Amino acid sequence: MLLAGGRRWSDADGGCGSGSQGVTLGNRILKFAELVQVHGGENMTPYETTRMLCSFMCEQPVLPSVPVYGGNNWYYAYGKSSHHQIVEDSQFISAMAEGLTNRPFMVIDDGWQLSSGTCNGGPWIGNRDFSDMAGLADEMKQAGVRPGIWCRPLLTQEKVPESWIRYSKGGHFLDPSRPDVLEYVADMMSRLHEWGYELIKHDFSTFDLFGQWGFQMKGKAHALPYALSDTSRTTAEIVLDLYRTIAEASKDSLIIGCNTIGHLAAGLFEIQRTGDDTSGRSWERTRRMGVNTLAFRMPQHGTLFSHDADCVGITSGVPWEFNRQWLDLLANSGTPLFVSADQKELSGQQKREVRQAFEAASRPLPTAEPLDWMYNSCPSLWKISGETRNYSWNGEAVLATGTRDHEWWR
């Protein structure tokens with residue numbers, strides 16, 4: 001196993017080579033596995049047991065000091081935004097949290113960077129619609145929110161040294177096994193922090209390194225025919241150095257890892273996006289990606305990192321009868337809550353429910369527990385603050401509450 005900051009991790013399959021090639025260890029001995037026996041309580045539920053195992057995997061998780069909640073513009077804007085629009089979004093999110101001491105975040109997602117065509121990488125310097133990123137962060141703070149921002153650190157259209165480039169396709173995919181590439185990433189992260197962004201969401205690094213999404217990997221992690229420049233270290237060690245670089249360069253800004261390797265991010269990043277994208281266009285995608293992710297990764301919340309199951313995309317494209325349940329569950333789960341909403345489309349009822357959700361999400365809450373996760377791929381029964389809530393993700397009765405003896409697992 002790979003020992004990293006007090007954490008022991010298997011360097012399995014995709015991590016043991018250097019990119020698509022074998023690793024050249026030389027005289028170095030790589031410790032591959034360490035068997036650990038853990039004893040739990042006799043009457044522990046499967047959920048409690050899983051949480052205990054997660055806590056053994058990460059001795060010192062790094063967690064936000066206060067609950068994280070707020071807005072993200074992706075699931076209604078989908079990359080079409082501007083300085084002015086983000087200020088308006090910030091004012092709206094701030095108004096939804098009026099009177100709350102723990103202020104919300106407003107996260108600027110993809111679309112602010114200087115790139116063209118099909119590339120959503122750098123340069124990370126703003127563009128015609130985002131001409132003053134530091135000034136925008138100041139305006140967001142004046143509006144009453146904490147500024148957040150998205151980036152993709154391993155893809156750029158900048159002219160960079162040839163030795164940095166692992167491969168090019170629309171843009172340049174950088175090789176993080178090179179110290180000068182890590183220095184480039186550190187400079188970028190430091191710049192975002194210095195501009196005033198208190199939360200930095202970095203995305204795509206797993207796809208950019210392996211050439212495929214996690215669900216496509218199965219028994220073969222690597223889909224790219226390219227080695228990494230440094231063949232003396234495993235991919236897992238190189239990824240871990242990339243994560244350390246991001247964590248250190250961001251200073252006291254919170255980090256959300258998105259499309260990152262959770263067990264390597266544990267103890268380095270405060271928040272981890274643990275599943276695929278939800279949607280502002282399709283309820284079925286949100287149900288499949290959001291509810292499922294929240295339930296089956298919940299044992300990792302607070303034990304490895306703060307678990308982010310992604311946004312509530314509040315648009316006319318998603319039926320409110322379903323989205324209001326997703327909003328209620330996230331707000332009361334104890335995990336981060338981000339809503340993505342065009343205020344011009346929201347009804348008065350929707351705004352009232354967003355206010356209620358923000359009030360709940362702004363406070364420390366007990367971690368919600370899925371009760372039917374052992375036999376339901378999209379859990380509907382949840383223990384929330386001592387009560388059982390019954391959600392219907394397919395259109396039946398919603399938000400029924402009450403007490404329940406949930407000893408079905410015995």
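Predicted model: local features only at pLDDT ≥ 70, side-chain atom pairs only at ≥ 80, totals over all residues.

Colleague: What describes a pair of aromatic rings?

Modeller: The distance of the centres and the angle of the planes describe the pair. Rings of Phe, Tyr and Trp (its six-membered ring) pair if their centres lie within 6.5 Å; planes under 30 degrees apart are stacked, over 60 edge-to-face, and the rest tilted. The whole structure holds 17 aromatic pairs. In one of them, Tyr-69 and Phe-358 are edge-to-face, at 5.1 Å centre to centre and 70° between the planes.

Colleague: Where do Tyr-69 and Phe-358 lie in the chain?

Modeller: Tyr-69 is in strand E3 and Phe-358 in helix H12, 289 residues apart. Helices (H or I, at least four residues) and strands (E, at least two) are DSSP runs, numbered from the N terminus. Both Tyr-69 and Phe-358 are buried, where buried means under 20% relative accessible area, exposed over 50%, and partly exposed in between (1.4 Å probe, protein chains only).

Colleague: Which residues do ring pairs link into a cluster?

Modeller: The cluster consists of Trp-112, Trp-124, Trp-150 and Trp-195.

Colleague: Which charged end sits over the ring of Phe-204?

Modeller: That of Arg-152 does, 3.8 Å from the ring centre. The criterion is NZ of Lys or CZ of Arg within 6 Å of the ring centre and within 35 degrees of the ring normal.

Note on methods:
Residues numbered from 1 in each chain as written. Heavy atoms only, no water.
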